[in-house]
Each structure stands twice: as C-alpha cells, then as structure tokens.
Amino acid sequence: MKKQDYITFIKLLKNCYPDATCSLDFETPFQLVVAVMLSAQCTDERVNKTTPTLFARCKTIQDFANIDIRELENLIHPCGFYKNKAKNIKLCAKQILENFGGEVPHTMEELTSLAGVGRKSANVILLEVFGIAEGIAVDTHAKRIANLVGLSKQKEPEKIEQDLIKAFPKEYLKDINHIFVWHGRNTCIARKPKCESCVVKQFCNYYNRQVKS
Ligand code: SF4
C-alpha cells in the first residue's frame, strides 16, 4: 500500500464504525487498570458483568491493596486466570500507593513497571485515561487483521505495533485499536471473515488471494 492507501484504508473503517470506543466500563483510572487486567483471555462483556460487584466492594486503590486475596479471587473468578489476576491486581495497587503516591502513572515506562501491566495494557490506559496515543494496543483482533490485510507479517504484538506505527500517520494512532476491535467483531471475524461486505477488501492480501485462486 502507498501512504495515501493507508489513509483511505483507515478512513473507510472509521466511517464504517463511527462509534468505535473502548468497550470496558470504568469510572476511575484504577478501575480501568483492573478491567484491562481482567480482560486478558476474557471477553469485555464478561469483564463488564464482573466489575460492578468488584468495584462496589473495592472503592479505592487502598481497598484493592488490602482486600483478602481469597475474597478477590472469588470476586473475579468468572474472568478466568483468577489466581494470577488477583495477585497482580493487589500487587499493582500496592505499587501505585508506594511508588506513585496513589495515582495511576501516565508514562509507558511507569505503567509497564506495574505488576500485570504490559505494553498492550499500558497503551489502552494511556489512551483511555490520559488521551495519550503513544502507540497502538495490539490485541487478538488487531493482530489478526494486520496479518490478513498484510499490514504486518510479524507475529509478536510489539513488532506488529511498530509496523502499524510506521504505516499510519500519527493522528490516526488513537483510532486504530478501537476500529480494529470493532471490525474484528463485526466483519473480519476470526473463524469466518465476511470479506464480501468488507469496506477495505480492495486493500486486503487475504481477500485478493481468495479472488485470484
Ligand atoms: S477482506 Fe476479509 S480478511 Fe480482509 S480485512 Fe476484510 S474481512 Fe478481513
């Protein structure tokens, strides 16, 4: 694709999903940190069903730091990997209290120093809480679409992210994850992509290979 093609590609998807936003429910920065941790290997829908009870029980970061680990495990059990997630949530809360004065930090370096927060989660937190589009959160949808379309041949999320950052103008970085998530849920569905109705099929390597074969 040429530079202009990348812009056309992202504009077509933006027009298709004008309401694409983060689908995790949260009211405070730390609630998003928790929701993002819970969303690993779990749907946002399930996370959103789990967090109201959790956030009613733990209203502050201190509450998360002090809650009994078994109680926390029970509260987040529906989201899977609950032992590991509970351990990380508690430790992360303690780190924020001890190292950042109780405020969720707002740099990539500081965020990724927290337990359970990798680059993908940090990108989501930076964008949704602080409005900073430093990179692109590469989740399962972004990874699949980037590979199918031919935006990146890489398999590791961090390398795919670098390819996407190079390909798209900076002003679109904030939109890419949301748009790819919505496209992945609605059209470029993992097991059965609806290529015929896809607005960006002319740019897609996967589609063009199917047409030729
Ligand atoms: S053409 Fe098919 S494979 Fe390519 S992005 Fe669209 S839905 Fe996905």
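## Ligand shell

The ligand is surrounded by 14 residues, and the closest of them are C188, C195, C198, C204 and Y207. The model in which this shell is described is a predicted one.

Two helices, α9 (140–149) and α12 (205–212), each contribute at least two residues to the shell around the ligand. Of the elements that contribute, α9 gives the most, with three residues. Sorted by class, the shell consists of eleven nonpolar residues, one polar residue and two charged residues.

## Overall architecture

The secondary structure of the protein amounts to twelve helices and zero strands. Read along the sequence, the pattern is accordingly α-α-α-α-α-α-α-α-α-α-α-α.

The C-alpha atoms of the protein occupy a box of roughly 60 × 30 × 30 Å, taken along the principal axes. The radius of gyration of the protein is 18 Å, which agrees with the value near 17 Å that a compact globule of 213 residues would have.

## Packing of α5 against α6

Helix α5 (residues 69–76) packs on helix α6 (residues 82–99) at an angle of about 120°, and their axes lie 9 Å apart. This angle makes α5 oblique to α6, because angles of 65 to 115 degrees count as roughly perpendicular and only those over 145 as roughly antiparallel. The crossing in which α5 passes α6 is right-handed.

On the α5 side, the contact is formed by I69, L72, E73 and I76. These meet Y82, K83, K85, A86, I89 and K90 of α6. By class, the contact of α5 with α6 comprises six nonpolar and four charged residues, with no polar ones.

## Packing of α2 against α8

Helix α2 (residues 29–38) and helix α8 (residues 119–130) have axes that come within 10 Å and cross at roughly 150°. The crossing of α2 and α8 is right-handed.

From α2, the residues P29, L32, V33, V36 and M37 take part in this contact. Their partners in α8 are S121, V124, I125, E128 and V129. The contact of α2 with α8 has eight nonpolar residues, one polar residue and one charged residue.

## Packing of α2 against α3

Helix α2 also packs with helix α3 (residues 44–57): the two axes come within 10 Å and cross at roughly 135°. That angle makes α2 oblique to α3. The helix α2 passes α3 in a right-handed crossing.

Here α2 provides Q31, A35 and L38, which meet V47, T50, T51 and F55 in α3. The residues of the contact of α2 with α3 divide into four nonpolar and three polar, with no charged residue.

## Summary of the contacts of α2

Towards α8, the residues of α2 include L32, V33 and V36; towards α3, they include Q31 and A35. The α8 contact contains one charged residue, whereas the α3 contact contains no charged residue.

Methods:
Residues numbered from 1 in each chain as written. Predicted model: local features only at pLDDT ≥ 70, side-chain atom pairs only at ≥ 80, totals over all residues. Near = placed C-beta within 6 Å. Helix = DSSP H or I, 4+ residues; strand = E, 2+ residues; numbered from the N terminus. Nonpolar A, V, L, I, M, F, W, Y, C, P; charged D, E, K, R; others polar. Axes fitted to C-alpha atoms, helices over the stretch in contact; angles between N-to-C directions. Parallel < 35°, antiparallel > 145°, perpendicular 65-115°, else oblique. Left-handed = near helix turned anticlockwise from the far one by under 90°. Contact = placed C-beta atoms within 7 Å. Rg over C-alpha atoms; globule rule 2.2 N^0.38 Å.
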